Amino acid sequence: MPKSAGKRLIIAEKATAAKDIAGAIGKIPKNEDVFENDEFVISYAVGHLVELCLPGEMDKVRGKWSFASLPVIPERFELKVIEKNAGRLNALRRLIRRSDVVEIINACDAGREGELIFHNIMRITGTQKPTRRLWMQSMTPEAIRQGFAALRSAAEMVPLAEAAVCRSESDWLVGINSTRAMTAFNSRGGGFQLTPVGRVQTPTLAILAARELQIRDFKPRDYFEVHAEFGVASGSYQGRWFDENFQKSADENARAERIWDREAAEALVQKCAGHPGQVSEEKKPTTQIAPQLYDLTSLQREANGRFGLPASRTLKIAQSLYEKHKVLTYPRTDSRHLPEDYPSTVKATLGKLQEGDLATHAAHVLKNGWVRPNRRIFNNAKVTDHFAIIPTGVSPKNLDDFEMRVFDMVARRFVAAFFPEARFEVTTRITRVCGEPFRSDGKVITDPGWLAVYGKSAPVSGDTQTLCAVQPGESASTESIEIKENQTRPPARYNEGTLLTAMETAGKLVDDEDLREAMSARGLGTPATRARIIDGLLGDGYLLRQGRDLIVAQKGLSLISLLRGIGAELLTSPEMTGEWEHKLKRMEAGEFPRGQFMEQIQSLTRDIVDKAKNFGDGSVEGQFMDLEVKCPKCGSVGFKESYKAYECRGGCGLLIWKNMAGRELEREEVTALLTEKRVGPLEGFRSKLGRPFAAPVILDEEFKQKFDFGEPKDTPGAQLDFSTLPVIAEKCPVCAQGAIHDAGTAYVCSNTPACKFRMGKSLCQYEVPHEQVLKLIETGKTDLITRFISKKGRPFSAFLKIEDGRVGFEFEPREASSSKPGARKSPAKAGSGWRRKPAAKE
C-alpha cells in the first residue's frame, strides 16, 4: 500500500471495526481510543452521531401545530448532534481538523445507512478534505486488505449518498407533516390530540388493525369431527375421518376432516360402530434440512416464541453479547449468510466452542469435514451490510440467564447449520370402515442429523403419532368411535414474533411487481429498526400488550380510519415504501435524479396536508362496529359507532365521545361506562398544559360524560385500604417489610408512612411498562428506557433506579470530555414533564 504525504484518517462505524482494520493493515498501535502510526489514524463513530433538526429547531421554520403552518418544507435540512453521542462527534471533529490529516477514508458499513452516517459527519464538521470509500463485505483481514487495494473515489459514492440523504429527508417530510396534519385535524374540536404518523409505523399499524377488525367481525361456527380407535395384533392406534373428495374453496374454515352438520356426524358413527376396517398404508422417506443462521429478525422472532422476550429486549441482549461480552458478531443484520471467504474462520470458531455438549457437536463437524463451500451458508450475494449472527469463539463468562439463553440459541444454530439433514420415515395409514376413510399419520426418525445438536429424537407436528405395526392384509377392529365438537376460531392476534415476520414479508401485500421486488430485500423497516417501531406503537398508545399478544387500541383503529377516510390511504400501505425503495435503488445505480425524487416527495407531502385541511366537516367514514349495550338513559339496546362517538340508536340523543383530554376510550371502557355509569380511574389523559393525569370517567345525573376529580386514593395523605388494592410484589425493595400495591396511579408500599417508597405509573410523560416496574422492584434498576420527555419537551433516555429509598433517573455514561474524563451526572429524581415534541416517524 503506497504511502502518501500526511496521514489518512479512517472512520469506521464501530469501535470493533476500527480494531479489525488496524489489525489487518499493519497491527497499528492504539493510543486511548485512536489507532495511529506514521501513515494512518483510525477512529470510529457509534452509529448515527447527528440527525435532522425538528421544525422548531430550524432558524427559518416556526409555527404552531396548526394547518396555517403546514406543510413544513425546509429549503435546506439542518443537522444537529445527537446529545448522547456529542463526545464521539467532538473526538472525530478534532481528528478531522488535524493539519497532518490530508485524506479521510469512509470505512462505515457497506450500505445506504453507513454512507449516510459518514456523509452527515462530513457535513456537520464542514470539512473540505478529500475522501475515499473503503467497501468491505466482511471483516476478515484478507477482505479488509482487498478493500484497501480497491478504494472507491468520492465521485463513485455520490449516487449512494444521495439515495441515503433522500431516504432520511423523505421520512422527515412525510413523518413530520403527516403527524402535524392529523394532530391538527383531530384537535379541531379543542385540546391537543397528538396523532403520530410514519412511513413504516403506520402501515405496520394497519396490518395489526386489519387483523383486529377480522377478530371483531368473526362469527364462530360449530363443527364436528369423528375419531376412532382401531385395534390390531400389535396394539392400537387413532384415526380421524376425512372427506377424500375435499377441495379448497372460498370457505377458509373448511377442512377435509370437518363436518358442519351434527346429524351427518351421528349417522357416520352409527354406520361405522363395531365394524372392522381394511388397512392400507404408504411409507416414504423425507428429510429436513437444518435451519439457516440467524439474522436479527429471526433471532427476535424465535426468542419471543420460546422465552416471551420483546423484540427490543432481544436486541439489547444481543447487543450486550456483542459489545460487552464479545461472544457474538454484530447483531443488527438482515443477512442469514456468511462471506465466501469465511470457511477458515468458521473452522477456527468451531474449535473454540467449549461449552458442554456443544463442544462435542462442534468437534464432530470438524472431524467429518462438514465445513465446506455451500451457497446456502457462504454466499456473498446474500451478505448485505453485515453477515449472519454467529459466535466469535470467545468463551461466554458472567452472562445472566437470558444472555446465556440467547447465546445458546445462536451457538446451537451455528453448529447445527453444518450438520447433515435429518431423515425420517413418514407413514400415512388409511383405515376404511364400511367404505368410510379414517386417516392416521406417523413419523419416525431414521437419522437425527442436525437434530442431534438439539438433543431431539424427532419433531412431531400436527396429529402425527408413533404407529404400531400392521401386517399385510390385516384388518383392524373398531374399538371405539366418537364425535368431537368444536368451534372455528378467529385468526390469532399478532405477537411480536409474528408481527416481525409480517413486517419482514410486507412486500407480498403490494400488487405492483416492480415495487414488490424492491421491497423483497427489506420489507417494512430494517432489522435494526423494527423493534423500535413496535415500541413506538406501544408508546404512542396505538397498541396495548396483553400477555404476549399485541392488541390495537381504539386510538390505532381511529388513525387508520382517519387516513382512509380522508383519502390518504397510501400512508397505511406498504406500497409507499415499495415505491420509495424502487426509486432509491434506481438512484443508487445513477438512473433516477435526486431532485426529481424530492420534488415527488414534496408533492406527496402537500397532498397529504391538503386532504386533511380541506376534508369537509370531519365526518370520517370507516369500518365501524356498533356496541350492543343497553342505553342507561332510554333503555333501548345498541349504540351506533362513528369516528368520534357512540350514539344511542334509540333516539334519546345520548352520545359517548371517544376522545377525552387527548385519550381515546377503548370499547370495553365505553361499555363499562354505559353499564356502570363509571369507569376507571384511567391513565393517559393530558391537561391543557400537557401534564398527564389519571381520573375516573362518569355519567352524571344528566348523563353528561365527565371526569370525577374526587380525592384519588393514592394521593399523599389519603387513607389507603391495602386489603382492596392489587399486590404486584410481596416484598418492598426499600423497607423489606411491606408489600408493593397498585394504588391506581402509583405503586405504594403497604408499610407507609414508615416507608416512603412511592412510584408514579407515569414519569416524564411516559407510562412505565409493567415488566420494567417489576424489574425495578426485583433488581433495583430497569433496562434503558428511551421514551421519557423532559420539561422542555425533549425526548431523553435513562434507567430508573432506586437510591436512598426513592426512584430516580440514572443516565447512560457519556463519552469522556477532555476536561473531566469519565464525568457524569448523578441520578436525578424522577418527575413529570411537559408536552412532548415528537421526532419524525419512520
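Reader: What covers the buried residues of α13?

Author: First, the basis: this is a predicted model, in which local features need pLDDT of at least 70, side-chain atom pairs count only at pLDDT 80 or more, and totals for chains, interfaces and linings use all residues. Residues are numbered from 1 along each chain as its sequence is written, and side-chain values use heavy atoms, with hydrogens and water left out. Helices (H or I, at least four residues) and strands (E, at least two) are DSSP runs, numbered from the N terminus. Buried means under 20% relative accessible area, with a 1.4 Å probe and protein chains only. The cover of α13 includes the helices α6 (201-217), α8 (296-307), α9 (311-323) and α15 (527-539), together with the strands β16 (543-546) and β17 (549-552).

Reader: Which residues of α13 are buried?

Author: In helix α13 (residues 496-504), they are E496, G497, L499, L500, A502 and M503. At the start of α13, a side-chain oxygen of N495 comes to within 2.9 Å of the backbone nitrogen of G497.

Reader: In what order do the strands of the open sheet stand?

Author: Strands of a sheet pair through backbone hydrogen bonds, either parallel or antiparallel. Two strands pair here if DSSP finds at least two bridges between them. The open sheet has 7 strands, ordered β2-β3-β4-β1-β7-β8-β9, with mixed pairing. Its edge strands, β2 (30-31) and β9 (152-153), each pair on one side only. Strand β2 runs antiparallel to β3 (residues 34-36), joined by 2 bridges, and K30 stands opposite F35 in β3.

Note on methods. Buried < 20%, exposed > 50% of the residue type's maximum accessible area, 1.4 Å probe, protein only. Contact = heavy atoms within 4.5 Å. Polar contact = N/O pair within 3.5 Å; in protein donor to acceptor, adjacent residues only side chain to side chain.
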